[in-house]
Amino acid sequence: MTQETVAPTSDAVLDREEMMSRDELEALQLGRLQHTLAYAYDRVPLYKRKFDEHGVHPTDLRELSDLGKFPFTTKEDLRLEYPFGMFAVPQHEVARIHASSGTTGRATVVGYTKKDLADWAKLVARSLRASGVRPGMKVHNAYGYGLFTGGMGAHAGAEALGCTVIPISGGQTERQITLIQDFKPDAILATPTYLLTIADAMMKQGIDPASTSLKFAVLGAEPWTEEMRHELEVMMNIKACDIYGLSEVMGPGVAGEAVETQDGSHIWEDHFRPEIIDAFDSSVVLGDGEPGELVFTSLTKEALPIIRYRTKDLTRLLPGTARPAHRRMGRITGRSDDMIILRGVNLFPSQIEEIALRIPELSPHFQLELTRPEGQRMDQLTVRIERRESVTVEGVASAAKTLQQQIKIQVGSSCAVDVVDPGSLERSNGKLRRIYDLRPKA
């Protein structure tokens with residue numbers, strides 16, 4: 001079925017590249033991709049080594065499909081080149097450095113030239129504009145500042161769009177609420193689970209979250225479902241759109257969702273070439289519409305060009321709608337490294353969220369606990385989830401049974417369900433931890 005093309009809202013002044021035809025865009029991609037491969041090969045020792053070992057040369061790319069001949073880049077490559085081995089420019093040309101937290105291993109370090117920073121701000125501005133934010137609006141930025149790319153990336157993009165930025169960062173939820181009431185922002189930037197935390201805290205203070213000045217929310221940095229979008233939009237009387245990015249590729253603004261369609265984030269393909277590969281056989285590049293792992297190649301980055309970076313995000317590529325030439329990402333179903341394999345069944349936290357939010361008695365606040373009871377060979381999954389305030393004891397028992405049955409039917413695996421009181425579980429101050437692996441270490 002052909003996807004309907006939807007015109008952007010009339011007050012949005014688009015970049016020239018947003019209005020290109022698909023043929024024009026792919027011609028631009030080919031030229032930029034040929035340059036990027038040669039640039040990375042000549043300037044980054046890792047890429048020269050990997051290309052040579054793989055038996056390919058930048059001149060082997062004559063058409064876009066030839067990209068599949070080149071080797072992947074992984075997070076482990078960046079860790080092995082720590083701190084600056086991936087940089088393609090001299091140190092004095094690096095205008096800014098960001099890095100991951102390093103909580104699961106050595107940090108991954110990324111750098112930007114002044115041009116990289118300008119391009120980044122432009123793409124975040126493009127994403128915010130697509131999501132309904134307009135010049136002159138006040139933007140409450142609740143993404144974390146610091147080495148994490150979210151806060152400063154979103155901040156620069158909002159300023160580039162011509163907005164007034166309120167740089168509150170993450171945490172300090174009570175202060176967030178005070179500033180939202182006093183400063184009356186038009187839009188908020190946050191992770192979806194942290195916006196939910198803010199809304200819950202408002203209700204505890206007797207404030208109706210739908211009564212604030214907020215009209216738009218641009219949410220990212222973690223997977224979220226259509227059910228979570230509905231929850232937030234109804235609770236806060238806003239339009240909520242997705243923004244996608246990751247530090248290794250650029251940061252937020254690699255893709256953005258259009259407010260007029262809310263049908264997935266358009267990838268800004270004038271700067272990034274996406275692919276989908278089979279999650280179980282990386283040598284297979286899949287066609288549009290087929291689900292798999294998302295892979296990105298940068299087309300314009302100077303300080304840290306990235307070739308076929310395996311994101312571990314699971315999604316699919318779809319035709320463009322609000323921006324017809326730029327393909328969309330389907331909603332991310334999970335990350336391959338967040339996947340729980342329970343008795344041979346693959347399960348993602350987003351699946352539990354989707355099922356739970358269809359049960360009126362249950363809230364969006366949940367945790368997944370993996371255990372292996374003593375003397376048993378099989379793992380046990382327990383879903384700990386908060387009830388809604390008004391739910392009775394009888395309602396709790398019924399909701400727990402329904403959730404357990406629906407997980408068994410839709411996911412194909414049995415689990416335990418523990419419905420707990422409102423406010424019992426940890427709240428998000430940024431990215432929320434969903435999975436708690438309590439199994440004995442080998």
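The following questions and answers walk through a predicted model.

Student: What pLDDT does the chain average, and which residues fall below 50?
Tutor: The chain averages a pLDDT of 93, and 96% of the residues score at least 70.

Student: Are helix 4 and helix 5 roughly parallel or roughly perpendicular?
Tutor: Two packed helices are described by the angle between their axes and the distance between the axes. Helix 4 (residues 114-130) and helix 5 (residues 149-161) have axes 7 Å apart, at an angle of about 75°. Angles of 65 to 115 degrees count as roughly perpendicular. So helix 4 is, relative to helix 5, roughly perpendicular.

Student: How many residues of the contact of helix 4 with helix 5 are nonpolar?
Tutor: Helix 4 brings Trp120, Ala121, Val124, Ala125, Leu128 and Arg129. They meet residues of helix 5 that include Gly153, Ala156 and Leu161. Three residues of this contact are polar and one is charged. The nonpolar count is ten.

Student: Is Ser131 buried or exposed?
Tutor: Ser131 is found in the loop between helix 4 and strand 3 (138-141). Leaving aside residues up to four places away in sequence, it touches Phe216, Val218, Cys241, Asp242, Glu257 and Val259. Buried means under 20% relative accessible area. Ser131 has 0%, so it is buried.

Student: Which residues of strand 10 point the other way from Phe272, Pro274 and Ile276?
Tutor: In a regular strand the side chains alternate between the two faces of the sheet. Phe272, Pro274 and Ile276 point one way from strand 10 and are buried. The residues pointing the other way are buried too: Arg273, Glu275 and Ile277.

Student: Why is strand 10 largely enclosed by the rest of the structure?
Tutor: Strand 10 covers residues 272-277. Helix 1 (residues 22-43) lies across strand 10 and strand 12, running at about 95° to strand 10. Strand 10 counts as largely enclosed because of its buried residues: six of the six.

Student: Which strands are the edge strands of the open sheet of five strands?
Tutor: The sheet has the order 11-10-12-13-16, with antiparallel pairing. Strand 10 pairs with strand 12 (residues 292-298) over six bridges. It also pairs with strand 11 (residues 285-286) over two bridges. Each edge strand pairs on one side only: strand 11 and strand 16 (334-335).

Student: In strand 21, which residue is the bridge partner of Ile385?
Tutor: Four strands form another open sheet, ordered 21-20-19-22, and its pairing is mixed. Strand 21 (416-420) and strand 22 (435-437) are its edges. Strand 20 (residues 380-387) and strand 21 run parallel, joined by five bridges. The partner of Ile385 is Val419.

Student: At what angle to strand 19 does helix 9 run?
Tutor: The sheet of order 21-20-19-22 has a twist that averages 20° from one strand to the next. Helix 9 (residues 349-356) lies across strand 19 (362-371), strand 20 and strand 22. Its angle to strand 19 is about 140°.

Key
Residues are numbered from 1 along each chain as its sequence is written. This is a predicted model: local features need pLDDT of at least 70, side-chain atom pairs count only at pLDDT 80 or more; totals for chains, interfaces and linings use all residues. Side-chain values use heavy atoms; hydrogens and water are left out. Axes are lines fitted to C-alpha atoms, for helices over the stretch in contact, and angles run from 0 to 180 degrees between N-to-C directions. Angles under 35 degrees count as roughly parallel, over 145 as roughly antiparallel, 65 to 115 as roughly perpendicular and the rest as oblique. Contact means heavy atoms within 4.5 Å. Ala, Val, Leu, Ile, Met, Phe, Trp, Tyr, Cys and Pro count as nonpolar, Asp, Glu, Lys and Arg as charged, and the others, Gly among them, as polar. Buried means under 20% relative accessible area, exposed over 50%, partly exposed in between (1.4 Å probe, protein chains only). pLDDT is the predictor's confidence in each residue, from 0 to 100. Two strands pair if DSSP finds at least two bridges between them.
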